[in-house]
Amino acid sequence: MTPTESHRDDVGAKIGMWLFIFTELLLFGGLFIVYAVYRYKNPVAFHFAAEELNRGMGILNTILLLISSATVAMSLTAVQLNERGKSLILISITLMLGVLFLVNKYIEWGDKWGHGIYPGSEKLLELGHGEVLFFGLYFAMTGLHALHIVIGLLILTIALFRVKRNRITSSDYVLLENGGLYWHMVDIVWIFLFPLFYLIV
Amino acid sequence: MSSENHSCQSNYLTFKGKYAGVWGWLFSTDHKRIGILYLYSILSFFIAGAFLGLLMKLELIAPGSTIMRAQTYNGFFTLHGITMIFLIVIPGIPAVFGNFFLPLLIGARDVAFPRLNLLSWWIYILGALVALSSQFLGSDPPDTGWTFYAPYSFRTGTNMLPAVLGAFILGFSSILTGLNFIVTIHRLRAPGMTWLRMPLFPWSLYGTAWIQLLATPIIGITLLMVVAERTLKIGFFDPTLGGDPVLYQHLFWIYSHPAVYIMILPAMGIISELLPAFARKPIFGYKAIVVSTLLIAFIGYFVWGHHMFTAGMSGTAQFAFSFLTFLVAIPSAVKVFNWLATLYKGSIHIQTPFLWAASFLFVFMIGGMSGLVLGALATNVHLHDTAFVVAHFHFIVFGGVGYAFMAGIHYWFPKMFGRMYDSGWANTGWGLFFSGFLTLYFPMFILGMKGMPRRYFDYLPEFHGLNVISSLGAMLMLFGLAIVLINLMRAARRGAAAPDNPWGALTLEWTVPSPPPVANFIDIPTIVTHPYDYSILQPKDLSK
Amino acid sequence: MNSNHSLPRIRYSTYLWVLAVLLALTLISVLITYMDLGRFTILGALSIATGKSFLVLWHYMHLKHENRFYLAMIALVLLVFVAVLVFTFLDYGLK
Ligand SMILES: [Cu+2]
């Protein structure tokens, strides 16, 4: 242990989180490039495949995530104002909305599975190349996104406990701020996934 | 920090922290110890990778099957590539010298996130073990080459998954190191060290770190797609499912061309650090070098298509990628001219680090020029996938990174270990290595032009003569390498004590004791001058 | 170098207003899919998504209050990504 470890630098931590967010966005960026190329090559198949998705579910999940982004942002204001109880409630709401999102996703995926549509399935292979690619991308991108929701939930759960134990306070809240940044990043990815899979038909 | 003065003063090698013995190294968050951990791990992998290379060269010493079967050869060039690229030259200089010297060069006590730094090393080791496990687990070793091209990478019956996943994990380590360095450079420069007073090695690490950050995620997701392709038959790159294998090549090279700059920029940084110290002159065109570093990092992102000229791209894309490839050569050439101008009329001290740096310039120029031959569309079609390409990138990657690494280790060794090496043996090793290197790779240019393809264990009889020369060169080079490494290993344990500043260099790492104390600086220095002000300050020559 | 908490306090109501706009934009993006925009469908959907992302970045991720350095970094990342996409389509779009 070097004597440097106690050094506290919130701005450094925040820049670090932003840089990490860039790598996450570019991780999805690779998939967006694949999506763009295959949509360009298979416009008709993508059109019909998108109609198979449950649009209501997509809209609901979008609303859930947008609200959760607002609540996590507000929880930071609550911490700044030393309103600990309010902050705990707001973070908890965020966590609940995140879990609800995952439940919906589970139902949605389960529904597709029930109809025999999953990577490598017989039915999908019968449908044709464009559909294989569309659903391949659908499962990969929403799956990776769901994984990021889980990571975001973990970070925010840690933040919740730290607020509870008074280790995130109005003078030291960079962990919650960074957790919030991560959560908003997950939201932004969904903001693009939603129209690309559910709306553009 | 007066209460901690004791721990600040004891040097990082002998310091006793929370953990004893080897655990004090494996769990140390001290950037210097982490740098040494990387040094030992990377050198071990390098020796293994070089040995594989030697075996391949022995196979090629005569036509037909000499010492191995075709499939063994396929496994060897794959493992050689994965080891050398992902385990050595990509992390290489930033992980070893960046970790050890970035904080020292900018006047900081450590990197911005010391624990994350240790985690990066652990992830590196994990990724390396997973990648290497592909050799021992399951069926045959991977045989795709380090590029994992689709669709073969998910069709081959060999043990691809661990290799691909290992490369994915190693990407994380690379990203976290880059992230750490960017924040370190933004936040922890000593007072008075403005951006334009920062030494050039940190500058090159900064440019590199941005590439690590912005390019690595693309290979990460691409490798995951290959994994999904193999395990779930998801269809991304499989033509029988509608996927496009050429898209895999795009994604792969969107990372892997910038990765060439992850390798070469820090190498250039070391050279820029070294030449002024041994020419006793300020670096020529400091700002031009900084700008060219950033330009290389940026333009280098958009030249990936030059690896795909024969893959059936559109004519416009071929033209654009060829044009940009020529464009990115300009900032590299700017650096070479700056280095030469730095040497011009300098009082050059020909010592081991300088010999490595000077030979770097030589091989780097040959590598760069042959790169232009490959970047031009017409000649590329003729030379694509021939031994010429292998010669080119060994001149750039091995010649660039390897020589700069050697220059760096001979330059900083006294600081890292507090001991001097025997310069007679070091110079002998260099001479043998350098001659062996040229004998090994130069004939491959000619072989390639005559049409000998790469990645084959066999060749037509007419290529025999040059292959014999090349294989003998490999032996000579490895003999030189052995002398260099044994000399250093002996010096690390029994060398004479090194002075604080054996080369009379001016950057900050030479102002602290050798080896440096745990906290690097007793008081963080305040910077008032340019890093290479050899004209103002003439330190007495301590090199005798 | 102590700038450990630089973020100003932002009112709850600001966040809620932004939420309202985001939800409204979501509604619009759903509604316009019922109109036949032809080849502008993708463009429309993506521009609304871009607008929403900007609001999240600007308000929720506090770019409005942060040092311009963050904005510059994001611009760089965006530029690199868009340029990569454009170069990829130099191949696919013109084959
Ligand atoms: Cu390249």
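The copper ion has three protein donors, His257(B) through ND1, His306(B) through NE2 and His307(B) through NE2, at 1.7 to 2.0 Å from the ion. Donors here are N, O and S atoms within 2.8 Å of the metal (3.2 Å for Na, K and Ca), and since water is not among the atoms, sites may look incomplete. This is a predicted model, in which local features need pLDDT of at least 70 and side-chain atom pairs count only at pLDDT 80 or more, while totals for chains, interfaces and linings use all residues. Residues are numbered from 1 along each chain as its sequence is written, chains are lettered from A and ligands numbered from 1 in the order in which they are written, and side-chain values use heavy atoms, with hydrogens and water left out.

Along the sequence, the donor residues of the copper ion follow the spacing H-x48-H-H. Distant parts of the chain are linked in this way: His257(B) belongs to helix α10 (residues 245-279) of chain B, whereas His306(B), 49 residues apart from it, sits in the loop between α11 (286-299) and α12 (315-343). Helices (H or I, at least four residues) and strands (E, at least two) are DSSP runs, numbered from the N terminus. His257(B) has 6% relative accessibility and counts as buried; His306(B) is buried too, with a relative accessible area of 12%. The term buried stands for under 20% relative accessible area, exposed for over 50%, and partly exposed for values in between (1.4 Å probe, protein chains only).

Apart from neighbours within four places in sequence, Gly127(B) is in contact with Gly166(B), Ile169(B) and Leu170(B), where contact means heavy atoms within 4.5 Å. From Gly127(B) to Gly35(B) the separation is 92 residues in sequence and 18 Å in space, C-alpha to C-alpha.

One runs from Ala150(B) to Pro151(B), with omega near -5°, and Pro151(B) is located in the loop between α6 and α7 (152-155). The other runs from Ser514(B) to Pro515(B), with omega near -15°; Pro515(B) is in the segment after α17 (464-494).

In chain A, Glu108(A) is placed in helix α4 (residues 84-114). What does the side chain of Glu108(A) make a polar contact with? The partner is the side chain of Tyr138(A), at 3.1 Å. A polar contact is a pair of N or O atoms within 3.5 Å; within protein, one must be able to donate a hydrogen and the other to accept it, and residues adjacent in sequence count only if both atoms are side-chain atoms. Glu108(A) is buried, with a relative accessible area of 4%. Not counting residues up to four places away in sequence, Glu108(A) touches Asn54(A), Met57(A), Asn61(A), Tyr138(A) and Tyr198(A).

His62(C) is in the loop between α2 and α3 of chain C and counts as buried at 4% relative accessibility.

Chain C touches both of the other chains described here. The area buried between chain C and chain A is about 4400 Å², and carbon and sulfur atoms give 76% of it. Buried area is the accessible area (1.4 Å probe) that two parts lose on being put together, summed over both. The rule finds one salt bridge across this interface, formed by Glu66(C) and Lys14(A), whose closest N and O atoms are 2.6 Å apart. A salt bridge is a side-chain nitrogen of Lys or Arg within 4 Å of a carboxyl oxygen of Asp or Glu. There are also eight residue pairs in polar contact between chain C and chain A (both at pLDDT 80 or more).

About 1700 Å² is buried between chain C and chain B, 77% of it from carbon and sulfur atoms. Zero salt bridges are found across this interface, and five residue pairs are in polar contact (both at pLDDT 80 or more).
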